[in-house]
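This report covers strand pairing and nonpolar cores in one protein model.

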Amino acid sequence: MSQDNQPRVLVTSGLSHLGSHLILQLLQKGYRVRGIVYDLGNKTCNGLKKLTANAFQNLELIQINQLDQTSWSEAMQDCTYVFHIPNDSSNASPKDGTQLMEIAKLVLNACSTSTNIRRLVITSSDQAVVGSQIIEGKIYSEEDWTDIDDPNIQPCLKYKILIEKTAWEFAKTLKGKNKMELVVINPGEMYGPIITGTTCNNLEIVKNLLEKKVSIVPKLCLRIVDVRDVASVHIAAMTSARAPGNRYLTISENVWIKDIAEYLAEEFESQGYKISKEETPLFVLKGAALVNKSLKQVIPAIGKTATFQNNKVVKDLGLKFRSVAITIVDMAYSAIENGLIKKTSKYRGANAKSLLYITDTTYLALYLFSGNCFKNAKSYEQASGAFRKAGDAQIKSQVYHSLTQNVSCYALEISENSLYHAAKSYEQAALMLKELNRIGEAVDLLRQASSMLSEHGSPASAAQALIRAARICEATKTETAIDLYLRACNLHQIEDKTSEAVECVGKAARLQLKLKKYPDALKTLQEQRNLYHSLEKYPSAFRIIVAMILVHLKLGDEVAADKCFRDSTEYPGFASSEEGALLEDLLNSIRDGDSDVFQRCIRSPIILHNDNEVAKLARDLRPPTVVVQDSNPSVGGNALEPGDDDEDDDMGDALN
């Protein structure tokens, strides 16, 4: 696909911490990006233009009147997707919050009236789920909502919650051509590298610890996530067929501020930084809160940990969270290199690791050479170990190489090849483990390879790694294989490779039918049908509709089966198709209790040649029951089924 044919994506708040990373990752994946900035004269704009080799061609920065409806409509021209990131300043006043709400409404209106916007992704906050009044023992998920009247909610976060609620209510009112797809991301506290010139409120904690501006730290637990992971989730939500209509709680770990201090101490104390790790007594904090309003807002959360579920974003969007320790250290290095945190006289920076980088690079060639030799000799145990060490060396090569560069360009193309080759080495090691029948280890390595390839910006290759893993474990770990196929489907959709995506989701559906997980299979079949519909492959969609109706019947839900049939008549050509005629006869035979017609439908080539699991499912369906009214009033109606020998004569009399 040429660059001119790639979808254009609009990103609001392009100079924010998240916005800059979102622009970076979109450019790396080949999208055309239009970013809205508050000041085109800001020097950061030049930094964004240098993010990637294709930025000059694919990145357009604009400054608009954000309180004008026409300006928003013009900004969305030729765009397919919109990311709306409300201002993330924690110091926003109520007046600022009112403006945030007004801007959000203008964005919603512009999206709904545009003929080209396919999906809107809004950044909310985990505070919309958890809030400040933490209930210990409760497991928070996307189903939870914060009480908007909570007096301890910061003004900006309060308006983010109001914006999210407004967006969901607005989406419900849209119909027909104005109906757009909406997804909301609810991230925790975002930490991670800072791109030159952009801002991040959460840097204050890291800065204060490194510059010894605090002698004791509060016993406060933060719900942290890497900004790079949040950007990846946004992009996955942009194209995933599972995402529309969903919120995604995106939190990596619960981390105490004391833990952050220890991560920093381990990395930076040898470089001249003195970092306090002593926790503040609660009575001291309460006393300070009497004169500091910002402290007063956090007092209810002191010493408390919110338990949360993040499996939805992992399952639906394929996210693999980074370690928070890495996130914090990466943020610190980027801030130091950008002059946001003072350098000490002992500061060595990332170059302190360069010797190890050289060493690992030297061993790399030896590991690869050894791995291939062992492989050719069919010494799979030794080959697997060599390839795995090669992968580890390449990962270290990537890490240390990137650290020796300007950290403002962290994760740029400068070091991506190492990740790619590391992933390929892991794939080789996994294949060796497969030969040794160590299936679990092979699958784990292929998952790691997929994660590396995703970070490298190669979602298609990442999907192939997951497919290989799924094939390996289909027989022994079928549920794992289902999950891997669905993740691969999501990755293919990121690249708009719908044909490959539909193949993956079909394999998942087949395995779900094999395990008799019929409710799950229905959802997956529906996704498969929708993908075929988007490809305009209607005969293939008709085949999936047959399977869906058979599953409904297996579950004993004739009403759902009938509704599925009626809804399907809207598909072009379905009503006049062989599948449509067959299903109509099948459903009528059930209503009429006509066992002969039912059996003829079940044995139809359309069903027998559909899929082995679908054919088995059809064979297991019970024929319809015939209700016969006995002439003897003392005996009630009797439900008869074909094959009941004792009642054949009665059935014959009733039908005559």
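Tyrosine 191 stands opposite aspartate 226, a residue of strand 9. The model is predicted: local features need pLDDT of at least 70 and side-chain atom pairs count only at pLDDT 80 or more, while totals for chains, interfaces and linings use all residues. Residues are numbered from 1 along each chain as its sequence is written, and side-chain values use heavy atoms, with hydrogens and water left out.

Strand 8 (residues 189–191) pairs with strand 9 in the parallel sense over three bridges. With strand 11 (residues 253–256), strand 9 pairs in the antiparallel sense over four bridges; here isoleucine 224 stands opposite glutamate 253. Strands (E, at least two residues) and helices (H or I, at least four) are DSSP runs, numbered from the N terminus; two strands pair if DSSP finds at least two bridges between them.

## Burial of strand 9

Strand 9 (residues 221–226) is largely enclosed by the rest of the structure, because six of its six residues are buried. Buried means under 20% relative accessible area (1.4 Å probe, protein chains only). Cys221, Arg223 and Val225 lie on one side, and Leu222, Ile224 and Asp226 on the other.

## Nonpolar cores

A nonpolar core is a set of buried Ala, Val, Leu, Ile, Met, Phe, Trp, Tyr and Cys residues joined through side-chain atoms within 4.5 Å. The largest has 118 residues, of which Val11, Leu26, Ile549 and Leu550 touch the most other members. Helix 22 (residues 538–554) gives the largest share of this core, 12 residues. A second, separate core of 31 residues includes Leu203, Leu209, Leu222 and Phe268.

Note on methods. Buried < 20%, exposed > 50% of the residue type's maximum accessible area, 1.4 Å probe, protein only.
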